[in-house]
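I open a page for this entry. The structure goes in below, and my notes follow it.

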Amino acid sequence: MSEPKVQIKNLYKIFGRRPADMVQHIENGMSKPELLDAHGHVLGLNNNNLDIPARGIQVIMGLSGSGKSTLIRHINRLIEPTAGQMIVDGEDVLQMSEATLRDFRRFKASMVFQKFALMPHHTVIENVRYGVDIQGVAAPEAADRAQYWLERVGLKGFEQHYPAQLSGGMQQRVGLARALATDAEILLMDEAFSALDPLIRTDMQNVLLDLQEELHKTIIFITHDLDEALRIGDNIAILRDGKMVQSGNPQDIVLHPADDYVTDFIQDINRARVLQVGTAMTPAKKPCDGPKIPHDTIIEQALQTCVDSHVETATVTKDGKTVGSITMDQMVRAIARPEAVSADDANYR
Amino acid sequence: MASDSIIDWSKLTWIDPPTMGRQDLRDVKKSIDGSFREFTRANGEWIEAIFDPLQSFLVWFEKVMIATPWPLFLIIVAGLAYYGSRSWKLALATVASFLFIGWLDMWEDTMATVAMVSVSTMLCIAFGIPLGVWMSRSDRVQSIVVPILDVMQTIPSFVYLIPVVMLLGIGKAPALIAVMIYAIPPIVRLTNLGIRLVDKDTLEAADAFGASKRERLWGVQIPLALPNIFAGVNQTIMMALAMVVIAAMIGAGGLGTPVLRAVNNQYLALGMFNGLAIVAIAIIFDRVSQAYGKRLQKHREGGHGV
């Protein structure tokens, strides 16, 4: 992997009157409740480290209160950290002067918000233009750019509406267009789809994935919804009480949960939709009979292929070459929940 | 022992509370009066010079209004009323009120009052909005200014007429200042409140896109606070009108002067006519400015949906 686009290094955030003095306590192993009881400070982020590669979707997930929204606001410094570094393209955002930071926000990183945060007094098209205007782009070009992105998110014809006249899903399309119009390489999305109902949410995820296929931005996406995380994330980091408990690709997290917390998290997901055949196959050089399936096909799809062609075994390929074979039995076993065993263990204990 | 104590214990009863003594009290009052008089004598001239242009402007404005042919004046006023409220009814009612005022021979006094109220409202806006913006940005400024505004709104107007008259004499400028002291608090308060009430998420979005402080203020805070600011303007106009009679006591002229004459001589009809003229102007100003404020709001809040 090349140099990461965004590097989070030893980042701490503590809320309270004397946060800087509290870092030492945390480094000495004090927990979040202990810190609150003993010193009246709230631990927001605890020694976070994360390398975010360029041009991919990095999901940061956790339950409410885990610090994920705090973390994303450190990337463009809407929140000042207590200690640590936030390195974007080799430059520490947390050391930037006010003017440099403003340029960073204008040109390098744009943001989409959970509650849309559109300007209620501006029309849809004016909202999309907002970031472009602040960049100082000349009016005719700004208008063209705004129009282009408005159409890309499917809101042609709504230019002169006010945000309050649109549904939640449409408002978030405006939010997305506003963020894309600035042409920033980094897109910060803070629970961008959490306020939408499930159908619209899936819809918006598709919009985002389609756009990403063409734009290849570095997207940092916050969510509390694991299905969403697994669906769109190239990498997933899981936060708990301000601490990063696991970080890896979706396969990794489902197959090797780091602790009970993550195990609990992944219990209810649809494994067939996440796991790829490559993780469950038997390595082999020679192709067997049966259809050829790329190694990164999800099991749900592979099962369907096998059923459709009335075979028990399929050949797994990578870049057109055979790398193994997989049986329907293997696939079914892979998607069975491993927790059934651990639940029994728990009963014996 | 009793003689060298501040409180004369032997005379203390449970009926009257302890006092500082008649002699001391008189000395305190005398020294305050004396020092202020001294201050006035030393600084009165240049302070008066500062307010000179204001007085000339007010006098000029009043003369222009009186010199304007009445049909032209009515057309302008009706136009303004319609522009503000988009209501023909209100524009017609405005014309009717002014015709009635003219019919009862109160035209000139009315012009003087309208000029006074307009100028003082403009000045209140010019000073009040920036002050409100400043307050909204700093809790410390707010904690200092709020008690001052409280005093300005509750202290009886006659009390601050005294130093104003001592300093500037009788005339239009001191009257204008007295009106402003009374009328400026609502616009300051509501500007401060309006800006503080602007949605935090919207402001955060402005920050996230790299808006500078100026872009935040003019692009987000002021526009979103505008309905509140406008409520403040409306209140300021109403309070300025409420001061018309009191201001007349120190030379404001206008509709307040005949009212004062009526009080002194028990002229019931004179007092009623002029009082009703003030009410008519107040209602016009209020309805037009409220309709204008509401129109600003409607434009922004959209229609149905979320």
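**Chain A against chain B**

I looked for salt bridges across the interface of chain A and chain B, and the rule finds two. A salt bridge here is a side-chain nitrogen of Lys or Arg within 4 Å of a carboxyl oxygen of Asp or Glu. I looked up one of them: the side chains of A:Arg106 and B:Glu215 meet at 3.3 Å, N to O.

I note that this is a predicted model, where local features need pLDDT of at least 70 and side-chain atom pairs count only at pLDDT 80 or more, while totals for chains, interfaces and linings use all residues. Residues are numbered from 1 along each chain as its sequence is written, chains are lettered from A and ligands numbered from 1 in the order in which they are written, and side-chain values use heavy atoms, with hydrogens and water left out.

I then looked up polar contacts across the interface of chain A and chain B and found five residue pairs, both residues at pLDDT 80 or more. A polar contact is a pair of N or O atoms within 3.5 Å; within protein, one must be able to donate a hydrogen and the other to accept it, and residues adjacent in sequence count only if both atoms are side-chain atoms.

On the side of chain A that touches chain B, helix H4 (98-108), strand E6 (109-112), helix H5 (124-135) and H7 each supply at least two residues. H7(A) gives the most, with four residues. Helices (H or I, at least four residues) and strands (E, at least two) are DSSP runs, numbered from the N terminus.

In contact terms (heavy atoms within 4.5 Å), 30 residues of chain A meet 24 residues of chain B. I recorded a buried area of about 2,200 Å² between chain A and chain B, 60% of it on carbon and sulfur atoms. Buried area is the accessible area (1.4 Å probe) that two parts lose on being put together, summed over both.

**Two domains in chain A**

I took the bounds from an automatic or database domain assignment: domain 1 of chain A is 53-83 + 97-266 and domain 2 is 271-335. Their centres, taken over C-alpha atoms, are 34 Å apart. The contact takes five residues from domain 1 of chain A and five residues from domain 2 of chain A.

The area buried between these domains is about 500 Å², and carbon and sulfur atoms give 66% of it. A:Gln251, A:Val254 and A:Leu255 lose the most area on the domain 1 side, together 81% of what that side buries. I counted zero salt bridges between domain 1 and domain 2 of chain A.

Is A:Glu159 buried or exposed? I find A:Glu159 buried, at 14% relative accessibility. Buried means under 20% relative accessible area, exposed over 50%, partly exposed in between (1.4 Å probe, protein chains only). A:Glu159 sits in the loop between helix H6 (139-152) and helix H7 (168-181) of chain A. Its side chain reaches the backbone nitrogen of A:Gly157 at 3.0 Å. Leaving out residues up to four places away in sequence, A:Glu159 touches A:Thr123, A:Val124, A:Ile125, A:Gln147 and A:Leu150.

I placed A:Ser194 in the loop between strand E7 (186-190) and helix H8 (198-215) of chain A. A:Ser194 is buried too, with a relative accessible area of 16%. Its side chain and that of A:Glu191 make a polar contact of 2.7 Å.
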